[in-house]
Amino acid sequence: MTMGSARVAWTGVFLALACGGEETGPSAPPGHLTVVAGLAQAGIVGQPLDTALTVRVVDADGAPRAGVEVRFATVSGSVAPASVTTDADGQAAATWTMPTTLGQYYAYAHLGARDSTGFVAVTRPGPAAAITLLGGDGQVAMARSPLDSAVRVLVQDAYGNPARDAIVSFTPLAGGGITDSASYRTSLDGVARMRWTLGDSVGPMHLEVRASPTAADTVAATARLVVPALSTLALGQNSGCQLSSGGTLRCWGANAGGEADPAHPGTPVLTPIAIPTAPGTSLPYQAVAVGDAHACALDAAGHAWCWGTPGRTGSASASAIPVAVAPQLVFVGLSAGAFHTCGVTSTGDAWCWGDNASGELGDGGAPVSSISPVKVVSPAPFVRIAAGGGFTCALTRYGAPWCWGNNLYWVVVTGYGAASSYPVATEGRTPARFESLAARASVVCGVQPGGRGRCWGDADAMGSIPTTADGYTRSTGTQFRFASLAPGVTHICGLAETGEVACWGTRSSVKPASWRHRPSSEPPRSCLRRPSTSWRRDGTRAAPPPAQARSTAGATAARAGWDWTVPRCRHARWR
């Protein structure tokens with residue numbers, strides 16, 4: 001068409017409109033869109049919404065318009081059909097299928113080019129289709145103990161979205177222990193967490209994890225027992241002994257009973273000297289234990305040999321060389337108390353010999369001392385033993401502590417009471433298991449899984465906070481993770497996993513330079529030695545509470561801050 005002919009055509013249109021002729025331009029709007037249903041919804045990813053997107057076309061008077069084309073569209077997911085003709089009621093509907101990712105999305109209905117309306121929908125994750133282990137697999141812990149880390153799993157739907165509020169069940173298989181709940185719901189990130197306490201058996205255990213209805217997986221952990229510990233360094237009241245890597249044993253110290261030099265009792269040994277090899281054998285020593293005035297060692301075959309003060313050495317007379325103790329017994333662990341010695345055999349039996357004034361030999365009978373070993377009335381097989389001052393404690397293969405003997409400082413039972421000549425479970429006062437145990441004087445200390453140290457007994461040795469060897473305490477809120485603990489007569493020292501040596505105890509013997517100014521929130525809290533005196537955290541004295549308050553004050557103080565020394569500060573009843 002030429003420019004001239006175009007002008008003629010448009011001139012004709014204008015003339016026709018002016019003269020009331022027929023309109024040949026764009027047609028009038030077919031009506032107006034209103035939403036009937038489906039405006040705001042929530043739907044499962046990848047699935048159609050429950051309610052169809054429904055609109056009505058009406059004219060200027062509000063009457064429905066039939067036969068009008070409505071188009072539907074979305075940028076996420078799909079809408080079908082894309083074009084719909086209104087029915088007799090003026091309605092048109094389409095189905096919106098959600099996209100496969102989580103989010104908020106929009107769809108539109110168009111009426112020609114002049115009218116449109118929008119719809120909004122949010123997606124929810126689909127049912128559990130896959131479960132992935134995030135953490136907690138492959139751990140090792142003592143039997144009957146909780147794992148250090150929680151078992152964590154991620155639950156996802158078929159499109160990889162985190163399945164929130166999905167029900168996850170944790171079922172221990174044979175020998176697998178217990179969980180703190182049978183089922184859990186996943187959080188917003190699709191993660192479920194639980195704590196698994198292992199069962200009685202030793203070796204691999206498995207936990208079935210299932211997200212209903214389809215996803216399942218298995219978590220594995222290994223349960224181990226407390227194993228006997230062989231000591232190559234032992235310190236007594238005034239003497240000590242150390243084993244070399246080749247099995248040579250050297251001792252030093254006051255030598256009051258011949259514990260450092262059996263050939264010359266009473267003569268101090270200032271430079272370590274070698275202890276003779278066990279008579280009649282060339283086997284080297286593999287472990288050593290030192291008491292107040294006697295010492296014992298195990299040879300490579302597990303036989304016990306002792307020397308020092310008669311009556312504690314398996315012999316009633318002094319000897320210039322080590323004396324065999326019950327050669328028929330084969331020990332895997334040995335510990336020397338103040339005046340007695342105990343050992344554990346490979347079968348889990350505990351045997352003790354020496355002084356028995358408080359029942360520390362644990363035979364359940366009258367307090368009669370014994371030169372030869374007597375069998376402890378064992379409630380369960382023992383694997384570790386720790387002899388102290390007139391008492392003995394031992395660990396079962398599951399790490400549960402039992403004690404017997406002198407109860408002056410509440411080592412054996414809670415409260416002041418008579419000594420016990422048979423083992424008493426301390427499990428009610430020490431809620432967690434122990435991996436190691438050590439005793440000295442009137443204190444018992446142990447290390448629990450995770451490096452937590454716990455002590456109970458005489459408060460004199462537990463009255464301060466751990467202080468590193470250079471005299472500095474840890475910053476507020478920081479605790480030590482111990483590899484081992486070693487109680488002394490009036491203090492305790494521990495070897496931290498970092499290699500630091502931390503000590504605490506009686507203020508006169510292990511006194512940090514700034515103990516009066518230490519942060520009050522640092523554990524463990526100080527304990528009292530006598531009920532007539534109270535020490536505040538700033539180092540000043542305070543009067544004791546009224547007598548009527550004493551029965552409950554101790555328990556309240558224990559809940560408030562004595563959790564490091566468990567079961568509680570034995571010689572203190574209030575703060």
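Is Cys403 buried or exposed? In this predicted model, Cys403 is buried, with a relative accessible area of 0%.

## Confidence of the model

The protein chain has a mean pLDDT of 78, and 77% of its residues reach 70 or more.

Where pLDDT is low, the predicted coordinates should not be read in detail.

## Disulfides

Searching the whole structure gives five disulfides. Three of these are described below, including the one that involves Cys403.

Cys403 is joined to Cys393 by a disulfide with an S to S distance of 1.9 Å. The angle about the S-S bond is 105 degrees, and the link is right-handed. Cys393 lies in strand S33 (residues 391-396) and Cys403 in strand S34 (residues 401-405), so the bond ties together parts that are 10 residues apart in sequence. Cys393 is buried, with a relative accessible area of 0%.

## Two further cysteine pairs

Cys241 and Cys251 form a disulfide in which the sulfur atoms are 2.0 Å apart. This disulfide is right-handed because the torsion about its S-S bond is about 110 degrees. Cys241 belongs to strand S21 (residues 239-243) and Cys251 to strand S22 (residues 249-253), so parts 10 residues apart in sequence are tied together. Cys241 and Cys251 are both buried.

Cys342 and Cys352 are joined by a disulfide, S to S 2.0 Å. The link of Cys342 and Cys352 is right-handed, with 110 degrees about the S-S bond. Cys342 is in strand S29 (residues 340-345) and Cys352 in strand S30 (residues 350-354), 10 residues apart. Cys342 counts as buried because its relative accessibility is 0%. Cys352 counts as buried at 0% relative accessibility.

Strand S24 (residues 285-290) has five of its six residues buried, so the strand is largely enclosed by the rest of the structure. S24 pairs with strand S25 (residues 294-299) in the antiparallel sense, over five bridges.

Three residues lie between S24 and S25, and the two strands form a hairpin. Val288 stands opposite Ala297 in S25. In a regular strand the side chains alternate between the two faces of the sheet.

Key. Residues are numbered from 1 along each chain as its sequence is written. This is a predicted model: local features need pLDDT of at least 70, side-chain atom pairs count only at pLDDT 80 or more; totals for chains, interfaces and linings use all residues. Side-chain values use heavy atoms; hydrogens and water are left out. pLDDT is the predictor's confidence in each residue, from 0 to 100. Buried means under 20% relative accessible area, exposed over 50%, partly exposed in between (1.4 Å probe, protein chains only). Helices (H or I, at least four residues) and strands (E, at least two) are DSSP runs, numbered from the N terminus. Two strands pair if DSSP finds at least two bridges between them. A disulfide is a pair of cysteine sulfur atoms within 2.5 Å.
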